[in-house]
Amino acid sequence: MTRPVRVLVADDEPGILVFVKIKLRGSGYEVMTVASGTEALEQARTWAPDVLVLDLIMPGKDGYQTLKELRSFSHMPVIVLSAWGEEARPKSLELGANDFIAKPFDPDDLVASIHRLTPRASTP
Amino acid sequence: MALVIGVGLFFSYKVVADAQEKDRVVQQIMYSTNQLNNMVAAYVLHHEERPKLQFLAEQESMGSLTARVRFPVQEQQLVVDHIRGHDETIRSLFLKLVSSQERIESGQDAALLREAEELLRGQLIIEISDVLGDATRLESLVDEEITSTQRTVVVLVIALILTAAVSLTMVLILTMRSITTSLAALRRGTEVVGAGNLGHRIGLAARDELGLLARSFDHMTERLQAMTVSREDLQQEVVERKQAEVALRQQENLYHSTLDGMLEGCQILGLDWRYLYVNDTAARHGRRAREDLLGRTMMEVYPGIESTELFVQLQRCMRDRTSHHMENEFTYPDGGKGWFQLSITPVPEGVFMLSLDITERKSMEKLKDEFIAMVSHELRTPLTVVLGGLHTLQDHSSQLTAEERDSLLRLAYLEAESLTDIVGNLLELSRADSGRLILERGVVNMGVVLDGALRKAGAQYPRHHFVAELPASLPEVHADCVRLERVLSNLVDNAAKFSPEGSPVRVFATTRDGEMLVGVADQGDGISAADQARLFAPFERLGRGSAGSTGGTGLGLLVCKRLVEAHGGRIWVESEVGKGSVFQFTVPFWPITDSRVVER
């Protein structure tokens with residue numbers, strides 16, 4: 001009846017996209033991966049994801065920029081991934097992120113976070 | 001002289017007095033003689049008893065007179081003696097005359113007696129005449145003596161007058177001379193004293209007015225000297241004090257130059273917050289001229305300082321008299337900032353503040369922090385892939401397709417290699433910066449190095465298009481093969497990372513001016529001129545935004561620079577925003593025999 005929870009993952013590091021996609025699909029999510037902020041914003045409008053997993057460091061439009069623009073039209077939950085460590089957490093949350101995960105991270109933590117932010121997925 | 005004259009005069013007076021006495025005696029003699037003559041005549045005429053007695057009395061008085069009188073002048077005495085000689089004769093003649101008369105009266109031979117009487121009378125008269133003659137002669141002699149004495153007296157008086165005149169003149173001259181001498185001594189004394197020699201004394205012994213004046217003057221000079229001596233003492237003291245002052249000033253200058261030469265800023269703030277002392281360094285730290293600080297309050301110089309932590313600490317120090325140490329970022333009125341390590345200590349005048357400029361250290365620390373953040377970021381990304389991939393493989397092994405498993409393992413492997421590269425770069429940097437970088441030189445074929453770097457990059461960035469451009473024959477270089485490959489790998493990695501997938505990355509090598517030129521050209525976004533300047537600086541990375549931008553260039557390029565320079569070559573970038581970048585470096589064919597360069 002209910003469609004699977006859609007997760008949009010934006011990261012310029014191909015290696016990360018590969019295992020995140022495998023992990024999330026294995027956890028029952030519908031996953032789309034993009035490599036830039038611009039693409040992320042575009043898919044956020046068109047593909048209607050339930051949650052956005054956003055890397056901060058990307059060429060061109062970075063994570064902060066993307067988050068700021070996204071918040072101008074959407075309240076969808078956003079989980080920020082960052083290789084900058086904990087110091088990037090305050091700014092991310094300030095800009096409207098719902099959760100913050102520092103790299104390197106346990107893929108299970110990402111799944112738990114997505115699960116928490118998308119309650120309807122828990123009652124399939 | 002005057003005494004001699006006086007004595008002379010005295011004797012003269014004596015002579016005159018004697019002469020007068022003698023004159024009186026002579027007159028007496030003459031009178032007595034005349035009396036005798038008269039008595040004889042009277043007796044002869046009358047033969048009375050009375051003339052006879054008168055005669056004898058007169059004759060006796062004259063005899064005693066001549067016997068009594070002593071004439072000092074011999075000639076006169078001779079005359080007197082002569083008179084005395086007559087005296088006896090006259091007496092005997094008169095007595096004979098008397099007896100003859102008595103015999104006549106008694107009636108004896110009157111005629112004969114008369115005749116004898118006449119004879120006796122004649123003899124008597126003759127005798128008396130002789131005496132008279134003698135007396136007259138004596139008178140003339142005495143007169144003569146008086147006259148002569150009177151002449152002597154006149155001469156003496158004239159001599160006395162002359163002597164007196166001469167003496168007076170001499171006395172006058174001497175007195176005048178004494179006065180002149182005294183005056184000269186006085187004048188010289190005043191001159192000498194006036195010239196400043198207060199030790200001089202006129203020392204005039206004279207008891208006159210001038211002597212008194214001189215003594216008064218000497219006394220005054222003495223007083224003056226005493227005062228002057230005390231003044232000289234004072235002056236000496238002043239001189240000593242001045243010397244001490246000079247010494248003190250020298251010492252002070254020494255302190256000042258020492259304090260001014262100090263690396264630390266020293267300043268003293270008064271209890272009223274006025275700057276009491278500021279050394280050069282402190283003025284520099286305050287970015288104000290010393291004159292602009294001294295005497296003014298901190299609040300005047302730095303408006304709004306009351307709300308800073310520094311002010312709070314200073315206040316606490318002033319109030320509690322306790323020392324504080326702190327690191328403080330100071331914001332200048334123009335908005336500039338500086339970091340200072342401060343020691344605040346209470347002093348009687350207020351607060352003493354020692355400041356050390358740690359802005360550079362702080363910025364180095366910041367750069368180091370950023371570098372560590374950058375390195376940690378560079379490590380985190382591959383670690384994430386390795387750990388995440390392995391985690392997924394482990395947890396979902398059964399659910400994964402063979403293709404997915406291969407993909408995860410391949411990624412983990414590549415990222416692990418990338419980690420090795422990063423760690424390798426860090427080690428190289430650490431070696432280079434601590435002078436432990438030793439090249440292991442050998443004969444290097446640049447074509448082989450290029451192939452190795454490109455093969456690795458091809459595996460990591462499969463979607464990029466790597467192109468090698470090499471001339472038909474390329475000379476070998478004497479270099480460290482492993483280090484050159486690291487340089488090239490770093491450059492290629494950067495090129496691939498910062499250029500779009502599918503775009504070409506061109507790697508070329510050629511010879512130029514006796515050295516090898518190697519370059520990597522990409523078609524990425526390009527780098528601005530400002531960024532280019534900072535590209536190879538230590539701990540520097542491209543300012544593509546703060547946390548959240550793509551990092552990872554700093555470490556690699558810095559290592560490239562160190563390794564190329566260790567070979568004696570140069571590295572630089574030519575780039576234009578929007579047109580891609582070309583990183584190039586040179587390697588001399590033969591190493592420059594400079595251990596400094598070799599062992600960087």
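pLDDT is the predictor's confidence in each residue, on a scale from 0 to 100. I looked up chain B: it averages a pLDDT of 83, and 95% of the residues score at least 70.

Ground rules: this is a predicted model, where local features need pLDDT of at least 70 and side-chain atom pairs count only at pLDDT 80 or more, while totals for chains, interfaces and linings use all residues. Residues are numbered from 1 along each chain as its sequence is written, chains are lettered from A in the order in which they are written, and side-chain values use heavy atoms, with hydrogens and water left out.

In chain B, pLDDT stays under 50 over residues 541–551 and over residues 594–600. For the model as a whole I noted ipTM 0.88 and pTM 0.54.

Then the interface. I find 28 residues from chain B and 28 residues from chain A in contact (heavy atoms within 4.5 Å). The buried area is about 2,300 Å², with 66% from carbon and sulfur atoms; that is accessible area (1.4 Å probe) lost on putting the two parts together, summed over both.

I checked for salt bridges (a side-chain nitrogen of Lys or Arg within 4 Å of a carboxyl oxygen of Asp or Glu). The rule finds one across the interface: D395(B) with K23(A), closest N and O atoms 3.9 Å apart.
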